[in-house]
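Please open the structure in the viewer and keep the sequence at hand.

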Amino acid sequence: MTKPSCMPPDNNTRTPRFVAPPKSCDAHCHVFGPHAQFPYAETATYWPPDAGKDALKRVHDTLGIERAVLVQASCHGRDNRAMMDAIASSNGAYRGVCMADDTFTDNDFQDLHEGGVRGIRFNFVTHLGGAPNLEMMARVLERVKQYGWHLVIHVNAEDIIKYEDFFNRIDMTIVVDHMGRVPTSEGVGQQAYQILLEFMRRESWWVKVCGSERIALAPPFYDAVPYAQGLVEVAPERVLWGTDYPHPNIKKHMPNDADLLDLVPLIARDETTQKKILVDNPARLYGFDD
């Protein structure tokens with residue numbers, strides 16, 4: 001059985017101009033396979049080129065990144081083994097965000113927590129299968145609250161509008177992937193971005209200023225900077241940064257991850273805010289300093 005693939009990442013990572021502070025964290029990245037060891041899900045809409053834990057480590061070493069949050073992606077579905085293997089081999093440098101449903105037992109969730117998982121992700125993006133069953137999602141969220149986990153939502157701009165009321169009813173910390181994938185072509189006044197800004201004024205909401213290559217029109221992705229700046233201005237202590245390596249389903253402009261790290265001093269102009277986004281915020285949310 002085969003599935004559509006996607007572009008491979010640019011593994012010729014250059015040395016960034018920006019020097020990340022010690023203990024900086026890539027709070028959104030993935031490990032894919034290797035497929036022979038960790039098969040992709042038959043229900044996935046794509047099977048990407050392998051990009052396992054060794055490839056991720058090489059990228060981080062070049063960038064000067066010491067910590068990471070591995071986010072389970074739809075190509076592996078609810079089989080979290082590749083992610084858990086990478087966390088186990090990281091000597092405490094990695095945490096995880098799993099995918100799960102209500103077939104998971106209490107022991108399954110306990111094992112994930114003990115293995116370094118600190119959040120659960122639900123995807124709403126249409127090209128990856130669309131929104132989950134909301135009743136099932138609510139049941140699962142109630143079950144994982146006991147671990148202090150947070151919810152990660154992967155949404156498109158239109159999903160922020162469509163599911164605004166549903167998200168408002170969730171009583172736990174929520175982290176938004178990729179700035180809500182709001183397209184820069186629609187301007188900062190667009191409804192979805194304004195709703196996201198309102199969400200971020202609440203203490204329970206966080207956002208990742210990653211995915212600039214997904215919302216911008218073209219490299220060097222500078223048109224994404226005002227969107228990230230706006231989110232940082234509202235809630236500098238609840239913003240995370242990530243590469244999104246290995247950048248699944250990029251259609252046109254595959255980024256070099258150093259270019260994405262070099263956006264940080266444009267997004268956050270002073271060293272104190274940069275350290276919050278890269279070090280302090282992820283350490284607090286994911287318990288790196290515990």
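This is a predicted model: local features need pLDDT of at least 70, side-chain atom pairs count only at pLDDT 80 or more; totals for chains, interfaces and linings use all residues.

Residues are numbered from 1 along each chain as its sequence is written, and side-chain values use heavy atoms, with hydrogens and water left out.

**First selection: R121**

Select R121, which is part of strand β4 (residues 117-123); strands are DSSP runs of E with at least two residues, helices are runs of H or I with at least four, and both are numbered from the N terminus. R121 counts as buried because its relative accessibility is 6%; buried means under 20% relative accessible area, exposed over 50%, and partly exposed in between, with a 1.4 Å probe and protein chains only. Next, display the residues in contact with R121, among them H28, H30, D177 and H178, leaving aside neighbours within four places in sequence. Contact here means heavy atoms within 4.5 Å. The R121 side chain also reaches the backbone oxygen of Q72, at 3.2 Å.

The whole structure holds eleven aromatic pairs. Rings of Phe, Tyr and Trp (its six-membered ring) pair if their centres lie within 6.5 Å; planes under 30 degrees apart count as stacked, over 60 as edge-to-face and the rest as tilted. Select F109 and W149: their ring centres are 6.0 Å apart and their planes stand at 80 degrees, so this pair is edge-to-face. F109 belongs to helix α3 (residues 106-114), whereas W149 is in the loop between α4 (134-144) and β5 (150-154), 40 residues apart. Both residues, F109 and W149, are buried.

Then highlight F124, Y163, F166, F167, F199 and W205, which form one aromatic cluster.

For C6, the nearest cysteine sulfur is that of C75, 7.8 Å away. The sulfur of C25 is too far for a bond, because the closest cysteine sulfur, in C29, is 7.6 Å away. C6 is buried at 14% relative accessibility, and C25 is buried at 0% relative accessible area.

Finally, select P16, in the segment before β1 (25-29). P16 is buried, at 11% relative accessibility. Not counting residues up to four places away in sequence, P16 touches T62, L63, A258, L261 and D262.

Methods:
A polar contact is a pair of N or O atoms within 3.5 Å; within protein, one must be able to donate a hydrogen and the other to accept it, and residues adjacent in sequence count only if both atoms are side-chain atoms. A disulfide is a pair of cysteine sulfur atoms within 2.5 Å.
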